[in-house]
Amino acid sequence: MSGMVLTTRDVVREFGGGRKWFGTPRPHVRAVDGVSLDVARGRTLGIVGESGCGKSTMARMMVGLLLPTSGTIEIDGASVADLARTDRRTLHRKVQMVFQDPLGSLNPRKTVQQILEAPLKALHGMGRAARRDRVAELMSLVSLRAEFAERYPHEFSGGQSQRIGIARALAANPEVIVLDEPVSALDVSVQAQVLMLLADLQARLGLTYVFISHDLAVVETISDEVAVMYFGKVVERGPRARIFADPQHEYTKLLLASIPGARRAGPPG
Amino acid sequence: MSGRPSAWRLLTQNGVVAFGLALLGVMVLIVLLAPVLPLLDPNVTDVAHRLKPPLYPGHWLGTDQVGRDILSRLIWGTRLSLVVGLTAALVAAAIGSAIGLSSAFYGGLADTLLMRGIDMLMAFPYLLLALAIVAALGPGLFNAMMAIIVVNIPFFARGVRGGTLSVVNADFMAAARLSGLSDWQIIATELFPNVLPGIVIGVSTTVGWMILETAGLSFLGLGAQPPQADLGGMLGEGRNLIQVAPHVATIPGIVILLLAVGINLVGDGLRDVLDPKLKSGGLARTHARTAAASSEARRAGLQPAGDAARQPLAVRGLHTQFTVGRNVYKAVGGVSFTVKPGEAVGLVGESGSGKTVTALSIAGLVATPPGKITRGEILHHGEDLVDVPMQRLQAVRGGTIAYVFQDPLTTLNPLIPVGEQVAETIRRHQNLPRAEAWRKAVALLESVRLPDAANRARSYPHEFSGGQRQRIGIAMALANNPEVIVADEPTTALDVTTQAQVLALLNDLRRERNAALVFISHDVGVIAELCDTVHVMYGGKVVESGPVAAVLQTPAHPYTQRLLACVPVLGNPERKIEPIPGLPPATNALPEGCAFAPRCHLAEARCSAAEIELAPVSADHFARCVRVAA
């Protein structure tokens, strides 16, 4: 399908394994077990699942931080694994990532300016003046005051740090952004701010998102398509409305039934 | 920007460190000035004036066995020892750090090869290795320095590898990779600046040691060769004369001592500044209960307790604050609520709203220093827990008032089987024989539906899943049939399906045992599922309280309304979520009047004019808002 910007086919990722020095096999885990997904351009694929289901491993493979044990991941028809090995710069101009821990994803010893300039210089070879302008533009895109660029990460709250993380991903001017639990560490009022920002950026820049979360209500709010992962496999996927209104797999039903009552629509009580 | 004093001020503020700094400064200044000071030639012998005592005319510190001026030899010798020690430390640090960094960064085979090499170096006794190297290379100061560098490389390699490993998997390393930086750029700009403080600490704490080692080798005649003077060599030469002319050995000995003391004091100071976690202040013991103002001061202005004195728990006008440096954080600023027998009370709010500090204040568990209860009282059947005797408080804690915390992995002791820990809680409060307590512990673990409880009671905390550990935490809380269970975000660390099970369990147990529940959460959904009444907290105050249904369906305070509008609701994705602009206030700079006013779309002048009281919305529903009070 031409509308698909990111496709994965039968992706498997194992950890451990191999043999010790004396030939005894090491134990291995299959964190991702045959995942096939398609992400349409300009849309959002939500991936939900509980801890250990392989969703973060999937995210890291999509951006080339991890290589699949088998299977293929393609972005714009090019293999992510090949690009990760031979041409990381091209890959990271296409796909970027936003991490869960807003502060942990920012180097504590660099200013925001330095953090945001790194991709501009390394990926786009921009000159000093152009970088300065672009950083100011990025700061305003994520609704942060331009003078904040001179500060260090520890001077920011969680929500502000996550905006900087988003600005760093945007600096590469990517087509696809993989967001791994981007609002889980934030307070609800701040979480809502970041969700609105993401929706707004998608509308303005035509971005494609892969949004990974354990929070079903958040995924429902932001996604067009949803995939439910369980023990490394996608147990159910489809359009958002269908998944939430008419879940087919037992696990999806259990997940939905586990949400506390007040956060479900319908007659209050 | 930040209230943290500069590194230099931190360094000089500490008297002991300042002393070391002054000592070292004077010595370094003197040896730097050695070429221009009016000193005699350190190597010119004058046998006619040998072994003269200190204060001899022309030789302030006397002369040695061949009549050389000790002062001159001492200054030149100290200069040499300092240069050798510093060079050895820097070179060993550079090589060791390079090995440690690459070992941790590349991992795998590189790590194995490098670290096994380091292990081989470490397999030899330290001094023996140095001696062997000098023996192979031949005596001499340069060779001695080489030997000391080699034997010290493992120290730096291992230290830096450890420091690097803790950084190498950080998300910002992945982010740097995604930013298109090459391996070298990542090592130079991301990794190195973050492990540098560790290296500096390593150098500053080992320079002194290296000077001692060089002195040791010279003392043995393997370092500086005569007539060259260094501290160890001078000490060695004076050794034979210790009976005849003790000053020849004593003076360099004292200088070595002062040098080592100065360097180590400064090294410790640097470590404190660069690594605040190790600072002695951080390890200050906390008191067994939260400090409190005098009971008169705390109760000033409180209404008589009345009916609240008969309830299992009544928090009345509670103010808890933290004093850190010059900042006073008013974490809790006047919280009141009552818990009736068997009632489930929810405290909901965002981080920094004061809900956890309120919960911890109940049993005096807020860390002191820096925490203090400045006003208000906490009544447990009319008894003020803030000033009951310590013994009584300990009987209440884990007895009639029990806690369940957020992360059971950190609250359970990893070295003791879980059954043992539950049994200990029982025996602490009830006078039961060991076997009886164990039986009760197993029964409790069964009651929280831990599968195969009789056998699993012998397992250690890490052998359980998160949900199972939280069940064990609940079993511990139930151990002594508490009247009140205070549960602080008990399901936040759990997956949704596990959370649902734990919530159902808590609900069943509290109904079975008629225990009251104080349930703290940031998740209104969870509160709604479990609680009868809810108190919404913001900026250290309760801004709205009442029956759960009333508060969540017809919220009266703008904060509650907007908080609810922020939460995505399952099955209703078209509902627009409306973020609250701005950030929650810092509790050390709370605005006058309503703390929410700066973010509130309905704010008016009177919101920030004066303190606002909780006003009734209906008979049992209250809100702290001028629009309700009017």
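Me: In this predicted model, is A:Tyr251 buried or exposed?
Reply: The model is a predicted one, and the value computed for A:Tyr251 is a relative accessible area of 6%. Buried means under 20% relative accessible area, so A:Tyr251, at 6%, counts as buried.

Me: How many aromatic pairs are there over all chains, and how are the rings of A:Tyr230 and A:Tyr251 arranged?
Reply: Over all chains the count comes to 9 aromatic pairs. In the pair of A:Tyr230 and A:Tyr251 the ring centres are 4.0 Å apart and the planes stand at 25°. Planes under 30 degrees apart count as stacked, so this pair is stacked.

Me: Which elements of chain A does the pair of A:Tyr230 and A:Tyr251 link?
Reply: The two residues are 21 residues apart, and the pair links distant parts of the chain. A:Tyr230 lies in strand S9 (residues 225–230) of chain A, while A:Tyr251 belongs to helix H10 (residues 250–257) of chain A. The elements asked for are therefore strand S9 and helix H10.

Me: Which residue forms one aromatic cluster with A:Tyr230 and A:Tyr251?
Reply: A:Tyr230 is partly exposed, with a relative accessible area of 34%, whereas A:Tyr251 is buried. The residue that forms one aromatic cluster with A:Tyr230 and A:Tyr251 is A:Phe231.

Me: What is the arrangement of the aromatic pair formed by B:Tyr559 and B:Phe596?
Reply: B:Tyr559 counts as buried at 0% relative accessibility, and B:Phe596 is buried as well, with a relative accessible area of 1%. The pair links distant parts of the chain, 37 residues apart, with B:Tyr559 in helix H22 (residues 558–566) of chain B and B:Phe596 in the loop between H22 and strand S12 (615–618) of chain B. The ring centres are 5.2 Å apart with 65° between the planes, and since planes over 60 degrees apart count as edge-to-face, the arrangement is edge-to-face.

Me: Which side chains make polar contacts with the side chain of A:Asp33?
Reply: A:Asp33 lies in strand S2 (residues 28–40) of chain A, and beyond its neighbours within four places in sequence it is in contact with A:Val11, A:Val12, A:Gly232 and A:Lys233. One polar contact of its side chain has a distance of 3.1 Å and another has 2.9 Å. The partners are, respectively, the side chains of A:Arg30 and A:Lys233.

Me: Which residue has its backbone oxygen 3.0 Å from a polar atom of the side chain of B:Asn143?
Reply: B:Asn143 is found in helix H6 (residues 141–168) of chain B and is buried, with a relative accessible area of 18%. Leaving aside its neighbours within four places in sequence, B:Asn143 is in contact with B:Val134, B:Leu137 and B:Gly138. The backbone oxygen lying 3.0 Å from a polar atom of its side chain belongs to B:Leu137.

Me: How many nonpolar residues does the lining of the second largest cavity have?
Reply: The second largest cavity holds about 70 Å³ of space, and its lining includes B:Cys594, B:Cys600, B:Cys607 and B:Cys625. Besides 1 polar and 2 charged residues, the number of nonpolar residues in this lining is 8.

Definitions and conventions:
Residues are numbered from 1 along each chain as its sequence is written. Chains are lettered from A and ligands numbered from 1 in the order in which they are written. This is a predicted model: local features need pLDDT of at least 70, side-chain atom pairs count only at pLDDT 80 or more; totals for chains, interfaces and linings use all residues. Side-chain values use heavy atoms; hydrogens and water are left out. On a 1 Å grid over the protein atoms alone, a cavity is a set of points where a 1.4 Å probe fits but cannot get out, and a pocket is an open set with protein on both sides within 12 Å along at least five of seven lines; lining residues have an atom within 4 Å of a point. Grid points are joined across faces, edges and corners, and a volume is the space filled by probe spheres set on the points. Ala, Val, Leu, Ile, Met, Phe, Trp, Tyr, Cys and Pro count as nonpolar, Asp, Glu, Lys and Arg as charged, and the others, Gly among them, as polar. Helices (H or I, at least four residues) and strands (E, at least two) are DSSP runs, numbered from the N terminus. Buried means under 20% relative accessible area, exposed over 50%, partly exposed in between (1.4 Å probe, protein chains only). Contact means heavy atoms within 4.5 Å. A polar contact is a pair of N or O atoms within 3.5 Å; within protein, one must be able to donate a hydrogen and the other to accept it, and residues adjacent in sequence count only if both atoms are side-chain atoms. Rings of Phe, Tyr and Trp (its six-membered ring) pair if their centres lie within 6.5 Å; planes under 30 degrees apart count as stacked, over 60 as edge-to-face and the rest as tilted.
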